[in-house]
Amino acid sequence: MSKPIVAIVGRPNVGKSTLFNVLAGDNISIVKDTPGVTRDRIYADVEWLNHKFTLVDTGGIEPESKDIILSQMRDQAQIAIDTANVIIFITDVRQGLVDADAKVADMLRRSRKPVVLVVNKVDNFDRQMMDVYEFYNLGIGEPHAISASGKLGIGDMLDEVTGYFDPEMENEEESEIPRIAIVGKPNVGKSSLVNKLLGSNRVIVSDIAGTTRDAIDTTIMHNGNEYIFIDTAGLRKKNKIKEELERYSIIRTVSAVERADVVVLLIDATEGVTEQDAKIAGIAHERGKGMIIAVNKWDALEKDDKTIYRFTEKVRNTLAYMPYAELLFISAKTGQRLPKLFETIDMVLQYQNLRVQTGVLNEILTEAMAMQQPPSDRGKRLKIYYMTQVSVKPPTFVIFVNDKELMHFSYVRYLENKIRESFGFRGTPLKFIIRERK
Ligand code: GDP
Ligand code: GDP
């Protein structure tokens, strides 16, 4: 199942961040123990009634001058058009309709993407409604009056937003063809990799209808199996501010990762593993995707017999929160170990979909508890009654206990290791849900 992406677009100071924070609530998509993951509120998971979606705020840093507001808004709108399923275009009743709004509205209208026009700062619906009607002039439909800070009109707005979701996408059955997202910072070799894979394998189609146009989807046949590769390369605009580029590359990565079963994170061997790599890896980690770290440009490195061990150690240290990730050293240029990449993808896909029988799980549990007693606190000991796997992608386990408070994360990690000792689950994160049963 892939979640729809909703993007917020609007001029500075209209209330984008305020709305984002109201919608995101506590669901800002940041896992606290994931170091290196951005603290910026760029994207968040939102639930409304029976719908789940990923919200992205395309507005980045404040422009310094008026002249560049419009050009920045165009960039934002383009990102939204490229990546989002539904766009929230937000305006400000206090500032009224301005020229930049009209220009962006034209752009959004031409894209034919569903747009929800929102007029913010309507703190008093009775007094300000007349001013809201002015926004009909944008020609992108009915304006929705809201007050982001007062939390007014938000429900109606969300009804309209989620009304545009494609039910097929939301309830998508497991697609038979695995999707592989190739992610990594600019110039790490993403396009080169996809091109090399294309060159040495049979291509079927390279444009799949109904997908977001941002990432280019390429279907590749290898050893009789099909794979869809999602490449996040693109947006090579010159003169872009660094922060802005980074924000955009994060939004693109989120939307590609969202649709993927397995993520291949490319790291540049000639630069070593960086903070930016850790941020990108964090996105896949949070979303429970299969994970392969591929150190690219391995051909360009002068190596001795210790190089690979030293590199491995650095990668494992920097990405310590994903010890489960598979690690490969490849060259998109020479094709070195690309067959191995396919083997690893196949393996990770299998583990993402592996189901362990409850009986077997509980044997492991019993044995694990015998070897290391569950923790206790102030004379009360944790009792674990039962464990069962409730879903795959990622494999998710529910553990029934007497008291949630007593379940220390280190004991969860201990059980995770025991499960991995028996079943591997290589390349896939495991999720644990602790439930109380009195
Ligand atoms: P952004 O630049 O578009 O992200 O805008 P912000 O979310 O930072 O909001 C800009 C200003 O508008 C802040 O001072 C907010 O407190 C204020 N603001 C946001 N929403 C509302 C609202 O619904 N009513 C009023 N009166 N002010 C708001
Ligand atoms: P992207 O921005 O991640 O799509 O990166 P590109 O595929 O455009 O590659 C950026 C640069 O790195 C290009 O000059 C490539 O030729 C070079 N490059 C990519 N893969 C390799 C590799 O495996 N070895 C070497 N030596 N260079 C590579």
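These legends describe close-up views of one predicted model. Residues are numbered from 1 along each chain as its sequence is written, chains are lettered from A and ligands numbered from 1 in the order in which they are written. In this predicted model, local features need pLDDT of at least 70, side-chain atom pairs count only at pLDDT 80 or more, and totals for chains, interfaces and linings use all residues.

**View 1. The protein chain.** The chain has 13 helices and 18 strands (DSSP runs numbered from the N terminus: helices are H or I, at least four residues; strands are E, at least two). Of its 438 residues, 39% are buried (20 or more other C-beta atoms within 10 Å of the residue's own, with C-beta atoms placed from the backbone).

**View 2. The shell around ligand 1.** This shell holds 16 residues (C-beta atom, placed from the backbone, within 6 Å of the molecule). G15, K16, S17, T18 and S147 come nearest. Helix α1 (residues 16-24) supplies the largest share, three residues. Three shell residues are nonpolar, ten polar and three charged (nonpolar: Ala, Val, Leu, Ile, Met, Phe, Trp, Tyr, Cys and Pro; charged: Asp, Glu, Lys and Arg; polar: the others, Gly among them).

**View 3. The shell around ligand 2.** Here 16 residues surround the ligand. The closest are G189, K190, S191, S192 and K333. Helix α7 (residues 190-200) gives the most, three residues. The classes are five nonpolar, seven polar and four charged.

View 4. Strands β16 (residues 384-391) and β17 (residues 396-401) run antiparallel, joined by six bridges (strands pair if DSSP finds at least two bridges between them). T388 stands opposite V398 in β17. Four residues lie between the strands, and K393 takes a positive phi near 50°.

Key. Buried ≥ 20, exposed ≤ 12 C-beta atoms within 10 Å, placed from the backbone.
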